[in-house]
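Biologist: I would like to go through the labels on this model one by one. For each, please set the value against the rule behind it.

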Amino acid sequence: MTGKLVCVTGASGFIASWLVKLLLDRGYVVRATVRDLGNPDKTKHLSELEGASERLQLVKADLLDVGSFDAAVDSCEGVFHTASPFYHAVKDPQAELLDPAVKGTINVLEACAKTPSVKRVVITSSMAAVAYNRRPRGPDTVVDETWFSDVDYSREQQNWYQLSKTLAEETAWKMAKDKQLDIVTINPAMVIGPLLQPTLNTSCAAILQLMNGASTFPNLAFGWVGVVDVAEAHILAFEVPSANGRYLLVDRVVHHSEIVTILGKLYPGCSLPTKCVDDKPFVPTYKVSKEKAEKLGVKFTPVEEAIRQTVESLKEKKMLKLESNL
């Protein structure tokens, strides 16, 4: 694979930073897009990666700026579209989440459709675009690649991130058909693990919050997956000729109460919440099929190890201060 030119959008993000690192490690030439080339929080950790001085090109592009990905995608064989905002405290869902996710996908895929060198586009979607519909989920439910989140249900629930990822993925599949693009989507759940970027991302913040004096834990059950596994899956989706459709990436679905238990075992003596935020029955866990991802070659890091890596990384980056005996 040495020397192949690929593009990574939103390269300063949590998953994308690892993707850039692993692509450089494999000898690729990486053209990485960021919104602000002058912001060291977005570029310094990428420029310092091994191989970056020879094979990393940082370019400016904005999801909402029509045509801004044309130059980034030019002459690339593969495009990894990871750029899409992920946070919960949203004041204007349309401007902050929906437009960047949907219009950004359109802009990137338009650029790819104009570029004959592009063989395949790998899109970072999410379990948010898979598991949320009116179908009941319980311990015996197995969610697989045939599941899609329901747009009307997401609007009713006012879950704007879920809606943004669902609409973006729907848009991508429609454009792939219309413009005859070879696309593959990667649908990870809550992604945790070591941080390369200097800023805290939303999914690792969920772990930090539990260890930072929270008095209660949320009554939520999510799938969890290690960031390196997710980055590897993107590369496999590009490199394996038979890769197609969607790939769900979840090591295990775990309720937040179990996350607290795991943290307690890993860091005994650490102050952790002991009660749930409400008195309702715990939201049930469910299963997510690993079969398709494992056939692609994905090896899943156990959630316990991914949590340990997250905490150690948060400590190393001085985002989490634990007592000296931990």
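Biologist: What makes you say that α5 bends at Asp99?

Modeller: The bend at a residue is the angle between axes fitted to the seven residues ending there and the seven starting there, and at Asp99 in α5 that angle is about 45°. A proline, Pro100, follows within four residues. This is a predicted model, in which local features need pLDDT of at least 70 and side-chain atom pairs count only at pLDDT 80 or more, while totals for chains, interfaces and linings use all residues. Residues are numbered from 1 along each chain as its sequence is written, and side-chain values use heavy atoms, with hydrogens and water left out.

Biologist: How do you know that the length of α5 agrees with its number of residues?

Modeller: Helices (H or I, at least four residues) and strands (E, at least two) are DSSP runs, numbered from the N terminus; α5 covers residues 93-113, which is 21 residues. The expected span is 1.5 Å times one less than the number of residues, so α5 should span 30 Å. The end C-alpha atoms of α5 are 28 Å apart, which agrees.

Biologist: Why is Ser12 called buried?

Modeller: Buried means under 20% relative accessible area, exposed over 50%, and partly exposed in between (1.4 Å probe, protein chains only). Ser12 has 15%, so Ser12 counts as buried. Ser12 lies in the loop between β1 (5-9) and α1 (14-25). Contact means heavy atoms within 4.5 Å; leaving aside neighbours within four places in sequence, Ser12 is in contact with Ser17, Val34, Lys42, His45, Leu46 and Gln197.

Biologist: And is Cys270 buried or exposed?

Modeller: Cys270 is at 14% relative accessibility and therefore counts as buried. Cys270 sits in the loop between α10 (256-266) and β13 (275-276).

Biologist: What makes Leu266 partly exposed?

Modeller: The relative accessible area of Leu266 is 32%, so the label is partly exposed. Leu266 belongs to helix α10. Not counting residues up to four places away in sequence, Leu266 touches Glu304, Ile307 and Arg308.

Biologist: Why are Gln158 and Lys318 called exposed?

Modeller: Gln158 has a relative accessible area of 56% and is therefore exposed; Lys318, at 61%, counts as exposed. Gln158 is in the loop between α6 (151-157) and α7, with a positive phi near 55° in a residue other than glycine. Lys318 is in the segment after α12 (303-316), and its phi is about 60°, positive although Lys318 is not a glycine.

Biologist: What makes a space a cavity and not a pocket?

Modeller: On a 1 Å grid over the protein atoms alone, a cavity is a set of points where a 1.4 Å probe fits but cannot get out, whereas a pocket is an open set with protein on both sides within 12 Å along at least five of seven lines; lining residues have an atom within 4 Å of a point. The count comes to 1 cavity of 30 Å³ or more. The largest cavity has a volume of about 90 Å³, and 13 residues line it, with Thr105, Ile123, Thr124, Lys165 and Ala168 nearest its centre. To this lining α7 gives the most, with 4 residues.

Methods:
Points joined across faces, edges and corners; volume = space filled by probe spheres on them.
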